[in-house]
Amino acid sequence: MNVILIGGGGREHVIAKYISKNPKVENLYALPGNGGISKFAECVKISAEDIDGIVKFAKDNAIDFAIVAPDDPLALGAVDKLEEIGVKCFGPSQKAAEIESSKIFAKELMTKYNIPTAKYKIFSKIDEALSYIAVSDCPIVIKADGLAKGKGVTVAENFKQAREAVMSCMKDKTFGKSGERILIEECLSGPEVTVLAFTDGKTLIPMVSSMDHKRAYDGNKGPNTGGMGVAAPNFYYTDAIADECMKKIFLPSVNALNAEGRTFKGCLYFGLMLTKDGPKVIEYNCRFGDPEAEAVLPLLESDLFEIMLAVREERLSELEIKFKNAASCCVVVASSGYPASYLTGYEIDFGDAEKIPGVEVFHAGTKREGEKFFTSGGRVLAVTAVAEDFAQAREKAYEAVKLINFEGARYRTDIGG
Ligand SMILES: Nc1ncnc2c1ncn2[C@@H]1O[C@H](COP(=O)(O)OP(=O)(O)O)[C@@H](O)[C@H]1O
Ligand SMILES: [Mg+2]
């Protein structure tokens with residue numbers, strides 16, 4: 001089969017690596033891909049947001065199957081447009097992807113179908129939003145409705161911060177159209193858990209749970225990032241909680257999307273908080289998380305491409321999907337300065353990191369020149385180690401990270417710890 005993979009980060013690197021193990025994948029192209037992905041796929045200079053360019057490439061190259069991995073092309077309807085020209089896709093339609101691209105849509109869906117989530121109110125007028133926070137208790141959570149590159153949420157500790165968040169969304173239009181409407185939510189507390197699940201709209205199979213680390217620095221300090229590391233499985237996610245989530249959250253979410261005529265096929269991401277009143281949904285994403293994918297997919301024992309085909313063909317119930325009885329630790333190595341401004345173009349010395357058994361080095365922001373790799377993004381590498389238990393996985397991941405060098409390389413030293 002001729003296959004295209006849309007995207008160019010660490011998530012797409014792990015997907016490219018695992019699907020290329022399947023002999024059915026004869027020609028794999030990544031749009032745009034990155035340095036690491038170029039080991040498994042031909043990288044084509046077409047942006048993941050250039051839907052017309054992607055569709056044209058698929059037509060010109062007789063593409064059979066597409067994996068649309070990032071949120072932006074899914075929200076722009078890449079799957080609908082590719083399916084229209086006969087390309088089968090792993091990933092949700094635009095209507096189903098709205099579960100991520102509109103937080104208001106997701107909230108209204110949860111309310112309608114009794115899926116546990118934080119209490120909220122929707123605002124489209126600044127005055128009304130400000131009057132509401134003036135009489136609310138802090139902390140309180142302000143969220144832009146639409147996609148905002150992970151920057152649209154403020155957990156405000158006091159009225160001043162809440163007011164600034166409202167003004168930033170609605171007056172300064174920091175997030176453009178994404179902030180025209182906002183949510184103001186009750187602030188929940190408890191450990192956060194990510195559960196990725198394969199679903200074809202009929203069957204849902206959760207993957208191993210995980211814990212992301214969003215803040216830039218050790219001790220969960222500093223600004224939010226795209227994610228600095230992941231521990232999997234998540235220590236807080238017991239079997240009893242998993243059962244409860246399946247009954248009260250996962251299956252009801254799939255059924256709700258079906259009932260609304262928005263059947264979801266692909267990877268559904270549940271961002272959960274384990275509150276004292278039980279697990280609640282913080283958000284949905286319509287795709288694999290990045291870096292969660294780099295920690296969770298290495299634990300998958302079954303063939304990823306077969307699963308993706310089965311999801312598209314609504315045959316997921318026929319598969320037996322197995323995970324390793326192991327744990328993984330993923331440490332992101334970033335450019336100095338990230339998530340604020342940073343310099344790129346530094347050569348990366350991998351040392352013998354990739355020779356450590358159980359270690360895989362995924363490229364998030366690199367470019368390749370011949371056999372050399374250079375930094376090209378804020379998050380540069382996602383270094384994952386798999387071992388029998390988390391303590392060993394963590395030790396190996398850090399052993400590998402210490403062997404890797406580039407100018408300004410920076411990482412958190414407390415992933416999962
Ligand atoms: N209602 C809430 N109560 C407490 N914390 C929240 C709440 N909503 C979001 N958060 C915090 O903000 C983070 C980002 O929010 P989320 O809805 O996941 O948006 P996004 O990932 O799109 O930026 C969450 O991971 C969580 O730590
Ligand atoms: Mg989130």
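Guide: One term comes first: a residue is buried if 20 or more other C-beta atoms, placed from the backbone, lie within 10 Å of its own, exposed if 12 or fewer do, and partly exposed in between. This is a predicted model, in which local features need pLDDT of at least 70 and side-chain atom pairs count only at pLDDT 80 or more, while totals for chains, interfaces and linings use all residues. Residues are numbered from 1 along each chain as its sequence is written, and chains are lettered from A and ligands numbered from 1 in the order in which they are written.

Visitor: Is Gly271 buried, exposed or partly exposed?

Guide: Gly271 sits in strand E16 (residues 266-275), where helices (H or I, at least four residues) and strands (E, at least two) are DSSP runs numbered from the N terminus. Leaving aside neighbours within four places in sequence, Gly271 is in contact with residues including Glu192, Val281 and Glu283, contact meaning that the C-beta atoms, placed from the backbone, lie within 7 Å. Because Gly271 has 18 C-beta neighbours inside 10 Å, this residue counts as partly exposed.

Visitor: How far apart in space are Gly271 and Val195, C-alpha to C-alpha?

Guide: Along the sequence, the two residues are 76 residues apart. In space, from C-alpha to C-alpha, Gly271 and Val195 are separated by 6.7 Å.

Visitor: Is Cys245 buried or exposed?

Guide: Cys245 is found in helix H9 (residues 239-259). Apart from its neighbours within four places in sequence, Cys245 is in contact with Val195, Phe250, Leu272 and Pro279. Since 25 C-beta neighbours lie inside 10 Å, Cys245 counts as buried.

Visitor: Which residues come nearest to ligand 1?

Guide: The shell around ligand 1 draws at least three residues from each of domain 2 (119-186) and domain 3 (189-325), with domain bounds that come from an automatic or database domain assignment. Strand E8 (153-156) and strand E17 (278-285) each supply at least two residues of this shell, and a residue is near the ligand if its C-beta atom, placed from the backbone, lies within 6 Å of it. Of the 13 residues around ligand 1, those that come nearest are Ala118, Val153, Glu185, Leu188 and Glu283.

Visitor: Which residue in E22 is the bridge partner of Val331?

Guide: Strand E18 (residues 327-334) and strand E22 (residues 379-387) run antiparallel and are joined by 8 bridges. Within E22, the bridge partner of Val331 is Val383.

Visitor: How many residues of E19 are buried?

Guide: Both faces of E19 are covered, with Val359, Val361 and His363 on one side and Glu360 and Phe362 on the other. E19 is largely enclosed by the rest of the structure, because the buried residues of this strand number 5 of the 5.

Visitor: Which element gives the largest share of the side of domain 1 that touches domain 3?

Guide: The domain assignment places domain 1 at 2-91, and 19 residues of domain 1 are in contact with 17 residues of domain 3. H1, helix H3 (71-75) and strand E5 (88-90) each supply at least two residues of that side of domain 1. The largest share, 6 residues, comes from H1.

Definitions and conventions: Two strands pair if DSSP finds at least two bridges between them. Two residues are in contact if their C-beta atoms, placed from the backbone, lie within 7 Å.
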